[in-house]
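Here is a short briefing to read alongside your model. Keep the viewer open and follow along as you go.

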Amino acid sequence: MDEIKHLKNDFSNPPRSLGSLKKFPEIRRRSTETIQVNLGYRCNQACSHCHVDAGPNRTEQMTLATLNLVFKYIDKWKIPILDLTGGAPELNPYFRRTVEQAVTRGIHVIDRCNLTILSEVGQKELARFLAENGVHVVASLPCHSKTNVDRQRGVGIFELSIEGIRKLNAQGYGVAGSGLELDLVYNPQGPSLPPDGEALTKEYKQVLAEYDVFFNRLVTITNMPINRFKHQLEREGLLNGYMDVLRSGFVEKNLNKVMCRALLSVSWDGHVFDCDFNQMLDLPLGAANRAIHLSELVDLPLLNSPIAVDTHCFGCTAGAGSSCSGALTD
Ligand code: SF4
Ligand code: SF4
């Protein structure tokens, strides 16, 4: 109990200084609907823009003990959505067990899939497994152009991604009436806000139909000014201009819908954050002055506790808004 009191004190600390930049408004948590779990940094790809530096040689993986803790938290707080991310989450040895455990509990499971994993050795049955368990697949395809995708993700990745969609379509994903959802994720190639989602969805559907592949929704995500993307903008002298775009695009009503208000992000080693971006910035949950582990939260209500915000948060509120589920003003 003392420890929890101590944790409460951590939460009541003011957020870190935002320096000379305009402050992002203070926001607080609602009840948690989604637990987003990073199963590890191992990935079959090594994309140049990857914000977690994932790749085939990374060894960080969530252990079974930490996954058990995740389910303890899910059970205690009746969390309805489990969002699995990585790296390639499917490469964690406990991925399938985790999905099955969640499905048994009636939880909606999201797999953030890179599509090429479906063609890897040992993953032949993956598409069928996902379909049998009704997993909602959210897959990154940052462009419908082969040239752009191969430039950002590696030579041959576009073709393999199309092959991955084909495997999912064969199981019923993206097919009307199947109940199996396949969403694709788009993010701009440079320092601009995503274009109108409806028009872009039409364009994607048209182009991908030429390859005879289908999907449900196109999720548009704003590039966050953090890590590799931020450094790239700095090198090119574009960071201040991009921050101006994000700040001047601020839409107040998006504050009600930013994903951190109802999401808890868990790192591969069990530490907790208000969102995946804060996880990558190592900005602890609630702007606490130390790292917090999920084991400390099991008995601690988070409702109305503060969220750690900083200038990167303007990426979530600009224009149509942005989250892991796409625009906020759809
Ligand atoms: S597929 Fe995703 S996790 Fe893997 S290297 Fe590329 S961006 Fe990173
Ligand atoms: S970056 Fe994270 S903490 Fe900031 S507004 Fe977006 S979701 Fe919330």
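Predicted model: local features only at pLDDT ≥ 70, side-chain atom pairs only at ≥ 80, totals over all residues.

Residues are numbered from 1 along each chain as its sequence is written, with chains lettered from A and ligands numbered from 1 in the order in which they are written. Helices (H or I, at least four residues) and strands (E, at least two) are DSSP runs, numbered from the N terminus.

**The sheet**

- An open sheet of 8 strands has the order β6-β5-β4-β3-β2-β1-β7-β8, with mixed pairing. Its edge strands are β6 and β8 (272–273), each of which pairs on one side only. Two strands count as paired if DSSP finds at least two bridges between them.
- Strands of a sheet pair through backbone hydrogen bonds, in either the parallel or the antiparallel sense.
- β1 (residues 34–38) pairs with β2 (residues 81–85) in the parallel sense over 5 bridges, and Ile35 has Leu82 as its bridge partner in β2.
- β2 and β3 run parallel and are joined by 4 bridges, with Leu84 opposite Asp111 in β3.
- β3 and β4 also run parallel, joined by 4 bridges, and Ile110 stands opposite His136 in β4.
- β4 (residues 136–140) and β5 pair in the parallel sense over 4 bridges; Ala139 has Leu184 as its bridge partner in β5.
- β5 and β6 (residues 218–220) run parallel with 3 bridges between them, and Tyr186 is opposite Thr220 in β6.

**Buried and open faces**

- How much of β3 (residues 108–113) is buried? The count is 5 of its 6 residues, so this strand is largely enclosed by the rest of the structure. Here a residue is buried if 20 or more other C-beta atoms lie within 10 Å of its own, exposed if 12 or fewer, and partly exposed in between, with C-beta atoms placed from the backbone.
- In a regular strand the side chains alternate between the two faces of the sheet.

**Crossovers**

- β3, α4 and β4 make a right-handed β-α-β unit, and so do β5, α7 (residues 197–209) and β6.
- Right-handed means that, with the strands pointing away from the viewer, the path from the first strand over the helix to the second runs clockwise.

**Helix α6**

- α6 has 14 residues and reaches 20 Å from its first C-alpha to its last, close to the 20 Å expected at 1.5 Å a residue. That expected span is 1.5 Å times one less than the number of residues.
- Its buried residues are Ile157, Phe158, Leu160, Ser161, Gly164, Ile165, Lys167 and Leu168. What covers them includes α4 (126–132), β4, α5 (146–153) and β5.
- Ile162 belongs to α6 (residues 157–170), and it is partly exposed because 18 other C-beta atoms lie within 10 Å.
- Leaving out residues up to four places away in sequence, Ile162 touches Tyr211 and Val213; contact means C-beta atoms, placed from the backbone, within 7 Å.
- Just after α6, Gly172 takes a positive phi of about 110°.

**Ligand shells**

- Around ligand 1 are residues including Cys43, Cys47, Cys50 and Asn114. A residue is near a ligand if its C-beta atom, placed from the backbone, lies within 6 Å of it.
- The ligand 1 shell divides into 7 nonpolar, 5 polar and no charged residues.
- Ligand 2 is surrounded by residues among them Cys260, Asp274, Cys275, His312, Cys313 and Cys316. Its shell has 9 nonpolar, 2 polar and 1 charged residues.
- Ala, Val, Leu, Ile, Met, Phe, Trp, Tyr, Cys and Pro count as nonpolar, Asp, Glu, Lys and Arg as charged, and the others, Gly among them, as polar.

- Most residues other than glycine have a negative phi, and most peptide bonds are trans.
- The peptide bond from Gly86 to Gly87 is cis, with omega near 25°, and Gly87 lies in the loop between β2 and α3 (95–104).
- Asp53 is not a glycine, yet has a positive phi of about 55°. Asp53 sits in the loop between β1 and α2 (64–77).
- Asp212 has a positive phi near 65° and lies in the loop between α7 and β6. Asp212 counts as exposed because it has 10 C-beta neighbours inside 10 Å.

Methods. Contact = placed C-beta atoms within 7 Å.
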